Amino acid sequence: MIIVLFLIFTFFIAINKSTESLAALQFNPPTATAYNGSIGMVSFGFDHAFANQLLAVNSMAKYNFAGTIYVIVTKIDKNGFMTQQNLTNLYNMGWEIASHSMTHTKISDPTSDATLRYEIVNSKEMLIAKGFCVAGYVSPYDKITSKSSTYIKSNYNYTFVPVNKQNTLYTITNDGAKYGFPLVLHHMSVGNTRVINNFDTAKKQIDSAIANKTWLLMNFHGIDYTANGYSTKPELFTQILDYVKQKYDAGQLTVATQAGGLGYCNGNSNNLVQKNNNCGGAESCSENSNNVVQLNEDCSGTFSCDSNNNNIVEVSDGSVEILDTPVTP
Ligand SMILES: [Zn+2]
C-alpha cells in the first residue's frame, strides 16, 4: 500500500513538473509595440542563427523578451546553426525571423541581378514558405549597392544601414535616404573587438537609450568562449540581459523585436512609427499629408497596411529632428 501511495505521489510530482515547464514556455510578450520616441527601447539581434546562440536566446525567452534572428536560409538545419524547429519555436514565442540572405555572399557593384534576386528575394520567399512573417533584410557584411537596394526596398519593410549608433525617429526615417530607403535601422555590434565589448560599454549604451529615449539595437554574433572578435562570452551576455531586465522592470525602457519596434509582424496592422498620440490615433495622423511617407504600394502578404492602404511613418515636425542628438559613445 505504501509503495502504491508513493508511486501515485511521484506520478503527481512528475505531472506538476511537466506543467511547470510548459507554463514557462508560454510566451507572454511585453505590451510594448512600435517605438515612438517616448521611452527608450532595446532590441537584441542574433546574427547568422548560430546554434551557440540558443542558450542566450532561451534566457531571454525566460524573461518573456523576444529578439530577432538573422537567418542565412541555406544554413538552416546545418551543423552549427539553428534548426527549422528552433526557429519555429522561437517564432511561435513572438520572436522575429529576418533574412540575412540565402548564402551570405559578399556582393559588389558587378553582382548580377540573378544573384541579387536569389540572395534577397528568394531568401524572403523561402522564409515565408517556412511559415514566418518577414519584414527585415540584413545585408551580409553590411554591403549595400544601389542595385541591391532596389531589391531590398521593394521586398522588405526595413533594412540596416551600416553605422554604429542608436536609432531615433529621425534616423529611422532619414538615414537611408542616400540608398532611397524609407525606413532603416542602425545596430551596434557586440563582440570581443566590437563597439560593445564589455559590460561597461553595454551599460553606457543602455543608459543612453534610457536618457535620450532612443532605440538601441544590440547585434550579437557567436555566444561562446573563442577569441573571435565577433564573439561574446555567455557571462557577458547574461550580464547585459540582466541589466536590461532590471531597467525594464523599473519601467525605464521597453524591449521589442526590430519588426515589432517598427509595428510589423506582431499583430499590429498599422505600419507606423508614431511620434506621439496627439492626432488621436494613427489614422487621423495619416490624413495630415506632411506626416506621411509612402513605403510601398504593396499591402498584401507581409506588407500589411492601415485602412487607407498607406504604409505610413510619421516624420513631420521639427521636434522629431531635436531627438536626433548624438548618442554619447
Ligand atoms: Zn553575416
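Of the 329 residues of the chain, 42% count as buried; a residue is buried if 20 or more other C-beta atoms, placed from the backbone, lie within 10 Å of its own, exposed if 12 or fewer, and partly exposed in between. The model is predicted, with local features requiring pLDDT of at least 70 and side-chain atom pairs counted only at pLDDT 80 or more, while totals for chains, interfaces and linings use all residues. Residue numbers start from 1 along each chain as its sequence is written.

The chain has eleven helices and nine strands. These are DSSP runs numbered from the N terminus, helices being H or I with at least four residues and strands E with at least two. Residues 24 or more positions apart make up 69% of the contacts in the chain with a separation of 6 or more, a contact being two residues whose C-beta atoms, placed from the backbone, lie within 7 Å.

In strand 1 (residues 40–47), eight of eight residues are buried. Gly 40, Val 42, Phe 44 and Phe 46 point one way, and Met 41, Ser 43, Gly 45 and Asp 47 point the other way. In a regular strand the side chains alternate between the two faces of the sheet.

The table lists strand pairings; two strands pair if DSSP finds at least two bridges between them.

| Strands | Sense | Bridges |
|---|---|---|
| Strand 1 and strand 9 (residues 253–255) | parallel | three bridges |
| Strand 1 and strand 8 (residues 215–220) | parallel | six bridges |
| Strand 1 and strand 2 (residues 68–71) | parallel | three bridges |
| Strand 2 and strand 3 | parallel | four bridges |

Within these pairings, Val 42 stands opposite Val 255 in strand 9, Met 41 has Trp 215 of strand 8 as its bridge partner, and Asp 47 is partnered by Tyr 70 in strand 2. Val 71 stands opposite Ser 99 in strand 3.

Strand 1, helix 2 (residues 54–62) and strand 2 form a right-handed β-α-β unit. Right-handed here means that, with the strands pointing away from the viewer, the path from the first strand over the helix to the second runs clockwise. Strand 2, helix 3 (residues 84–92) and strand 3 form a right-handed β-α-β unit as well.

In strand 3 (residues 96–99), Glu 96 and Ala 98 point one way and Ile 97 and Ser 99 the other, and all are buried.

The largest nonpolar core has 69 residues, of which Ala 49, Ile 69 and Val 71 touch the most other members. Such a core is a set of buried Ala, Val, Leu, Ile, Met, Phe, Trp, Tyr and Cys residues joined through C-beta atoms within 7 Å. Leaving aside neighbours within four places in sequence, the contacts of Ile 69 include Phe 46, Ala 49, Leu 87 and Ile 97.
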